[in-house]
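Trainee: I would like a close look at one part of this model, the contact between the two chains. Please take it step by step.

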Number of protein chains: 2
Amino acid sequence: MPLPHLTQAQAPLTCEIGAVNEFGETLQVSIPAERSLTVYVDKRELVTLMTLGAHPELLVLGYLRNQRLIKDVADIDSITVDWDVGAAAVKTHHGIEDIEAKTAKRVVTTGCGQGSVFGGLMDEVDQIVLPADAHITQSQLYGLVNTIRLKETTYKSAGSVHACALFDLAGGEPEMLLFVEDVGRHNAIDTIAGWMAMQDKSVGEADKVFYTTGRLTSEMVIKSAQMGVPIVVSRSGITQMGHQVAQAVGLCAIGRATNKRFICYANPQRLNLQPELAGPKPRTPEP
Amino acid sequence: MPLPHLTQAQAPLTCEIGAVNEFGETLQVSIPAERSLTVYVDKRELVTLMTLGAHPELLVLGYLRNQRLIKDVADIDSITVDWDVGAAAVKTHHGIEDIEAKTAKRVVTTGCGQGSVFGGLMDEVDQIVLPADAHITQSQLYGLVNTIRLKETTYKSAGSVHACALFDLAGGEPEMLLFVEDVGRHNAIDTIAGWMAMQDKSVGEADKVFYTTGRLTSEMVIKSAQMGVPIVVSRSGITQMGHQVAQAVGLCAIGRATNKRFICYANPQRLNLQPELAGPKPRTPEP
């Protein structure tokens, strides 16, 4: 099965601007890029995404997949991004069936980032079956969080971006397969979906863990589940609907993951606890 | 001019769930609600918003205004929210002109929250004229940030929500007119837009300041400008396009505002600096 041809468009991820601080001093600060990328499918305008611009081709591919506009990457012949005109030209082999109907229903989500999920996405949740035996140890969780902590990032230099990462636990030690930052966290997870779609299908999802700095809202949990990833870890918290979806599909949702702290919000049977690694308990429990 | 009739639908903003922490202890944690609200305009389905649910009627009103689907609240007869079915029924006096065309173009934004902005919104930016003489003193800025700090919030009890607030500087001391939290920060700003639309038109926007915990992405800056608010303050940072829009429309954009710290990213001439209030300078400048 031939994979789609993707360009590798590059654009600066940060820029310097002049600013004034509380002491009245002028200073140069670094801020993240935010640029528009209008997606054309077979020359038909589909959507404009606002993005940092690190992996535009994978973003578009993942967007099309997560919106269920394509079922298989083999449907796509090529994705050509040209930052000079802020356009991504998607060429399909046989067009997208029912594109009018698929894009007619609009759901504006709470998540940071892309926000808009075309209709029918929620309906699919009931059909998702996640790998039953997938689990993560507390030690692996700590290793994963520490890997993120040590990463050189646009966030550290310019702030104001969300990060996502995909980890593989198959080797015991968590291996970071991909790290993506974007001004929208949904862009970041869609980029990861695009990357996963380009990989060998024989690579199972059972040992995959999805990490995000953003909150686990319904859309984020749904997208993880749709990608077949049974464990999600967030630096932030969870919403009620994110929790409901995680419980419904058997997804292990871990939040507030920093240093040695975390809260497992759903399906803790996938988490092999090792409380002896957590260090001494604080005298007064934190709120 | 009669104002639209709005219901005052209520729903719980948080819920308790069981969770497991790093010591293997089970505990009850509070998380924010996230519920779907499908908006029907004259019985025609328009959009589904995912929201915390604190002010659904004002959210719908502000959404319609910020998407430029209505020009004036007087176009609206009533907004009736029923949480039992998760629906907001909008009744207009004369329908919405060109609703098909207005909702045809899709921009998926980087912002947290609502994300989807119908087409043409960016085109309007050039026409925005903000009050020329609006300004804020460093003292007022500190007062505003302190007011937010002291507020009892869903964030403090359950996390995972963004907050927005609208302040009035006309009396010297910053007066908080409205404080809104939502799982999406665009929902929060839209709710403020809805509230503003319901107020007496004689209340000027020159002395208004918009505060947000979220990042100043392009969409957030555009929405503030469209609401006529010339000064925005964020706990977080700014993106390149947010900065460009702020410069283009003469909007004062202040970020990283916590305690006595801040960075003014655009139009510092609207900020009356009082560096003597900033306290002692740190020996090593923070990154």
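Trainee: Which residue in β2(B) is the bridge partner of Ile263(A)?

Mentor: The partner is Asn21(B), in β2(B). Bear in mind that this is a predicted model. The bridge belongs to a pairing of β16(A) with strand β2 (residues 14-21) of chain B, which runs in the antiparallel sense over 2 bridges.

As for the relation between the chains, chain A superposes on chain B by a rotation of 180° with 0.0 Å of shift along its axis, at an RMSD of 0.0 Å. That is the relation of a two-fold axis. The same surface serves both copies, since 98% of the contact residues of chain A recur in chain B.

The axes of α6(A) (residues 218-226) and α7(A) (residues 240-249) come within 7 Å and cross at roughly 25°. The two helices are therefore roughly parallel, as that angle is under 35 degrees. The crossing of α6(A) past α7(A) is right-handed. Residues of α6(A) in this contact include Val221(A) and Ile222(A), and among those of α7(A) are Val245(A) and Val249(A). The contact between α6(A) and α7(A) has 8 nonpolar, 2 polar and no charged residues.

Conventions: Residues numbered from 1 in each chain as written. Chains lettered and ligands numbered in written order. Predicted model: local features only at pLDDT ≥ 70, side-chain atom pairs only at ≥ 80, totals over all residues. Axes fitted to C-alpha atoms, helices over the stretch in contact; angles between N-to-C directions. Helix = DSSP H or I, 4+ residues; strand = E, 2+ residues; numbered from the N terminus. Parallel < 35°, antiparallel > 145°, perpendicular 65-115°, else oblique. Left-handed = near helix turned anticlockwise from the far one by under 90°. Contact = placed C-beta atoms within 7 Å. Nonpolar A, V, L, I, M, F, W, Y, C, P; charged D, E, K, R; others polar. Least-squares fit on C-alpha atoms with pLDDT ≥ 70 in both. Pairing = 2+ DSSP bridges.
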